[in-house]
Amino acid sequence: MARREQPGVENNFYSVSHTESGASRFFLSTTILVIEIDKGWCMAAISNSGETPLLSLYPPRPYEEMATLRQALSGVGTEHAFHSNEEINAVQENDKSLYLFTDGHFSFIRASDGLVLSSARGEMIYGIAECMRPRGGWFLKIEEPCKAQVVPVEQAFKIFTQQNLWQTVASLLAWFIQVYSVREEHLLGVTAYVMIRSKLLELNILTPDHLSTINVADYIQERTQLARSTIMAILSELRRGEYIEIKRGKLVTIKHLPKDY
């Protein structure tokens, strides 16, 4: 891969988050956002010039639905403060709660092996699907201190019924299904390079401040569980071909990425 392929339209591609296979299984486990830039879910594309404009190729994020649900639940439940590295489960023994975050940075973790299924920044409503169809095996990890309105699910669902909000809830959950379905197109039956390519594009749409705190190889391994040697070999080839620039383990820029490895 040392020789650089000339950029072309046919080489453009888009980034999606890598998670456990099975969109339906993942959907029943949680309702969590995957990636957010400026509080909007976006994808990045490598253009012919090597730039990375943000393209809203996924369904528009349902801000209106979230605002409607937040308004309906205002004044219900209690406010909780959370610290970095805290773990949250929507279902705890006999207690089920919804978590309404106005801001924050979160990771969704598979409990069995620590795989990072996805990450989120900004506003989020967590726990609807899990409270409706408890499955377990997953938890939300707080990456930065934040606050959330915690509402007992019985109260929340009663209000949804009283105010005829189940269509709004369904619209929100349908959006999650759409996002997860598109994501699976970049997960099932793909090579290690495609997974790594997607992770690099995820990183490339983060702000410089965020990028400066993230080790590229760690980020990829935590989200794919590919062998470290495989990740390092592909990254080394990309650097040698001048497709990407990495300094001290941190991604600096993506100049161009080939469609295939």
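Guide: A starting idea for the sheets: two strands pair if DSSP finds at least two bridges between them. Please keep in mind that this is a predicted model.

Visitor: Which residue of β8 is the bridge partner of I109?
Guide: The partner of I109 is V116 in β8. The strands behind this bridge are β7, residues 105–110, and β8, which pair in the antiparallel sense over five bridges.

Visitor: What is the strand order in the open sheet of four strands?
Guide: The order reads β4-β10-β7-β8, and the pairing is antiparallel. At the edges stand β4 (87–88) and β8 (116–121); each has a single partner strand, so one side of each lacks a neighbour in the sheet.

Visitor: Now a hairpin, please. How many residues lie between β12 and β13?
Guide: Two residues separate these strands in the hairpin, and R248 in the turn has a positive phi of about 50°. The strands themselves, β12 (residues 244–247) and β13 (residues 250–254), run antiparallel and are joined by four bridges. One of the pairs to look for is E245 with its bridge partner T253 in β13.

Visitor: Which residues of β12 are on the covered face, and which on the uncovered one?
Guide: I244 and I246 make up the covered face of β12, while E245 and K247 make up the uncovered one. E245, then, belongs to the uncovered face and has T253 as its bridge partner.

Visitor: Let us turn to a single residue. Is S97 buried or exposed?
Guide: The cut-off for buried is under 20% relative accessible area. S97 has 14%, so S97 counts as buried. This serine lies in strand β6, residues 95–101. Leaving aside residues up to four places away in sequence, S97 touches A90, Y126, G127, C131, V150, V151, P152 and V153.

Visitor: And how do I describe a helix pair?
Guide: Two packed helices are described by the angle between their axes and the distance between the axes. Here, helix α8 (residues 216–224) and helix α9 (residues 228–240) have axes that come within 10 Å and cross at roughly 130°. That angle makes α8 oblique to α9. The crossing of α8 past α9 is right-handed.

Visitor: Which residues make the contact?
Guide: From α8 come V216, A217, D218, I220, Q221 and T224, and from α9 come R228, I231, M232 and L235. By class, the residues of this contact divide into six nonpolar, two polar and two charged.

Conventions:
Residues are numbered from 1 along each chain as its sequence is written. This is a predicted model: local features need pLDDT of at least 70, side-chain atom pairs count only at pLDDT 80 or more; totals for chains, interfaces and linings use all residues. Side-chain values use heavy atoms; hydrogens and water are left out. Axes are lines fitted to C-alpha atoms, for helices over the stretch in contact, and angles run from 0 to 180 degrees between N-to-C directions. Angles under 35 degrees count as roughly parallel, over 145 as roughly antiparallel, 65 to 115 as roughly perpendicular and the rest as oblique. A crossing is left-handed if the near helix is turned anticlockwise from the far one by less than a right angle, and right-handed if clockwise. Contact means heavy atoms within 4.5 Å. Ala, Val, Leu, Ile, Met, Phe, Trp, Tyr, Cys and Pro count as nonpolar, Asp, Glu, Lys and Arg as charged, and the others, Gly among them, as polar. Buried means under 20% relative accessible area, exposed over 50%, partly exposed in between (1.4 Å probe, protein chains only).
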